[in-house]
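Please have the sequence and the model at hand while reading.

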Amino acid sequence: MDSATVPFDSALIPEGVKRCQLKWFLFWMALLHGPLMIGVLSYLMCWGLALNVTYLNNNFPFGLWIAADLGVIALGGGAFFTGFLRYVLDIDDLKHIVNFAVVIGFICYLAAQGILGVDIGQPLRGWFIFWHANVHSMLTEVAFCITCYFSVLCVEYLPLLLENRQINKLGFFHGMAHHLHGAMPTIAAIGVFLSCFHQGSLGGVPGVLYGRPFAYREGLLIWPWTFFLFILSAMACGPCFTILITRITEGFARKQLVKRNVIDILAKISGRMLLVYLVLKTLDTLYWISTAAKVGAPFKSFYSTAPYGIWVLIAEIGIFGYIPLVILLKKEWRQNDFFLLLACLLNCTGIFMNRWIMTVQTLVLPVMPFDKAVGYHPNWVEWASTLMWLWLGAIFISLSYRYLPIFSQERELNPT
Amino acid sequence: MFPFAFEWVVEPTRYVFMGALYAVLLGLVILIHYAGIRAFLDLICKKGKEEEHH
Amino acid sequence: MKEAHHDEGHGHEEGHGHGTKYKFGMVIDLDKCTGCGACMVACMAENNIPFRKEDTNNRLTQNFWMRVYKISNGLPFPDTEISYIPRPCQHCEGHGHHAATPCVSVCPATATDYSEETGIVSQIYTRCFGCRYCMAACPYHVRVFNWWDARWPKGMEKYLNPDVSPRMRGVVEKCSFCFHRFQRARNKAYAEGRRELREDEYQTACTQACPAGAITFGDLQNPEHKVHKLKDSPYAFRLLEKLGTNPKVYYLSQRDWVRKAADVYMGEEGKDVFPG
């Protein structure tokens, strides 16, 4: 390879793989910084001018931010679930994608915490949730587990960082990366434990609201049924999100990074988890209809406020649930690139939609009969501050892909 | 049981919750230290072996 | 003076769960309420509630702790009837399956608490970090958020009530049954060597301001207090009874359609009730 084609920062790039010229990479980074700056501006507006700059109000204490928080954590569930499948159930082939799942999980959980930093009215008091913890609140459980799990993700990401070509030359870091890899099963098991609890508690957040019949669910002991449904839905959509981002990265990198059999394993497992989730979700929905009626909330009243008609239920469970399920379970369709991506997109959208429904739609519907239904849509400040994490995620993935050996099959699939 | 915000509360839920938290934090700290100490020992042993060879 | 004691309510689930020393509550006679809003104004003045001109007709951003709703029976003239429903914080107790106040159980920072002494649900402004989970939990919309820092018209800061701390932006607030008045009355009683409060010694601002005398406030457990007897009236009802929140605010109305307004949804069952 002559000096004209070797990137300027090739000393940092993993051995045996090709990357684009540094100038194009920097151009790509600059491109992402544009919309990122708008996000930063929105953050500064919220912190400086207070939350009146958003379209949140007393009827909608929760809006896009909280729905996005719940959604991004569900999508980041691929990290813990892939880790569980690889390190605890010992599905060996998944070792080729688990690193990338960790990268995706890292940015998802960073985004969740970052969005909370702008969402709470007094960010400087955020530590009160730890210091004055109310152990009976679902949100306390969420905060503790997400923070701990983010630490786990940092520990899982650390060996990838230490395996950078130059850093790895230092004996101590090489050894540290090696031994962290050895401890990965234990770390992954801790991650699964924490993830189940925070995914579940996020389900518990709307599920325990007995003052809101739309959201409230009965359950097992202190855990409403949504606790278990949220865990299952995260297991169902997490791998799909990992597949989606992997394929997008392959598109940008213009090369295959993971063998198709690895993707197929994730897709198959995702399909099976989706099946379990949808069956239980359907049963829960039917049961909920009967329990809500007992407190004077006829089912029709839940879906008689525009735009939240009955189409919402059909879309969430039918179009974005059963359709991707069929695709993921049927081998021929699952192994077709187009249908696989479609299934992943529909699946992830459905889960995100579920999070929106459980938070925002809950607040749309009045509980007191003389109260009016009120509509909500986010304004540009909320959109910019939420999407900022998309751009940051792209930056983070780009940097990780360029300088770290994330994809172990890349060299094999792209011989130079 | 170390009370956060100095509120002594005798409650099983609190013990389970805080207990699980401490267990997780302890586990993570131990694992990182384990990896670091072993890496350090590897480094020393490797240097020791190099000196022996010379 | 008789000591306050627990009392099993007739037709209402009372006296379960928490055994509080007092159980302060309200009975609001909707047949007397004229919708004048004096209770709202008195509450705002008493509790240093900030206001903005732009919020005048915007119920989504108004900071009212006491809010008056207007409902009608939806019938055409000459059968149209209107009623007003003043709605303070209901200071829910919860009972049975839901043994806790909906907002207290969800607060992650213990910034709101159900008092074992008075039955009042408090709000600790200096501890609240504004996650707004309690606002999502409350079905009565009693909780408001400080979307802005408070700005008082020039000179008005001298009129603020020194017994009530003003709140900064980013925290949730709500009706406290004028708890500062309870503290003042209790201090006065202690200074006089008493431990029990008389009914007239602790009254909320809205109760005293109401020109029609529609609001009665007192200890629901104390047979000497007016509210004790009023709550047992056959015309007494509470909002959203079926949810199990066990609120301490009772309403009275001899009009059937008003009583029906309390506990059903808009939709088929609630078709006779329309928001004004």
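Which helix gives the largest share of the lining of the largest pocket? That share, twelve residues, comes from H15(A). The model is predicted: local features need pLDDT of at least 70, side-chain atom pairs count only at pLDDT 80 or more, and totals for chains, interfaces and linings use all residues. Residues are numbered from 1 along each chain as its sequence is written, chains are lettered from A and ligands numbered from 1 in the order in which they are written, and side-chain values use heavy atoms, with hydrogens and water left out.

**Largest pocket**

- The largest pocket holds about 1,300 Å³ of space.
- Its lining has 42 residues, and those closest to the centre are A:Ile245, A:Ile248, A:Leu390, A:Ala394 and A:Ile397.
- In chain A, two or more lining residues come from each of helix H1 (22-49), helix H2 (64-75), helix H4 (98-119), helix H9 (225-253), helix H14 (337-364) and helix H15 (380-403).
- By class, the lining of the largest pocket has 32 nonpolar, five polar and five charged residues.
- A pocket here is an open set of points on a 1 Å grid over the protein atoms alone, where a 1.4 Å probe fits and protein lies on both sides within 12 Å along at least five of seven lines; lining residues have an atom within 4 Å of a point.
- Grid points are joined across faces, edges and corners, and the volume is the space filled by probe spheres set on the points.
- Helices (H or I, at least four residues) and strands (E, at least two) are DSSP runs, numbered from the N terminus.
- Ala, Val, Leu, Ile, Met, Phe, Trp, Tyr, Cys and Pro count as nonpolar, Asp, Glu, Lys and Arg as charged, and the others, Gly among them, as polar.

**Second largest pocket**

- About 1,000 Å³ of space lies in the second largest pocket.
- Of its 36 lining residues, A:Val135, A:His136, A:Met138, A:Ile222 and A:Trp223 are the closest to the centre.
- H1(B) gives the most to this lining, with six residues.
- The lining of the second largest pocket divides into 24 nonpolar, nine polar and three charged residues.

**Interface of chain C and chain A**

- Contact (heavy atoms within 4.5 Å) involves 59 residues of chain C and 55 residues of chain A.
- About 5,000 Å² is buried between chain C and chain A, and carbon and sulfur atoms give 59% of that area; buried area is the accessible area (1.4 Å probe) that two parts lose on being put together, summed over both.
- The count between these chains is one salt bridge, defined as a side-chain nitrogen of Lys or Arg within 4 Å of a carboxyl oxygen of Asp or Glu.
- C:Arg132 and A:Asp119 meet in a salt bridge through their side chains (2.8 Å, N to O).

**Backbone features**

- A:Ala306 and A:Pro307 are joined by a cis peptide bond, with omega about 0 degrees; A:Pro307 lies in the loop between helix H11 (299-302) and helix H12 (311-329) of chain A.
- Another cis peptide bond joins C:Phe77 and C:Pro78, with omega about 5 degrees; C:Pro78 lies in the loop between E2 and E3 of chain C.
- A:Ala50, in the loop between H1 and H2 of chain A, has a positive phi near 80 degrees although this residue is not glycine.

**Salt bridges**

- Over all chains, the structure holds 33 salt bridges.
- In one of the salt bridges, the closest N and O atoms of A:Glu410 and A:Arg19 are 2.6 Å apart.
- This pair links distant parts of the chain, 391 residues apart: A:Glu410 is in helix H16 (residues 410-413) of chain A, and A:Arg19 is in the segment before H1 of chain A.
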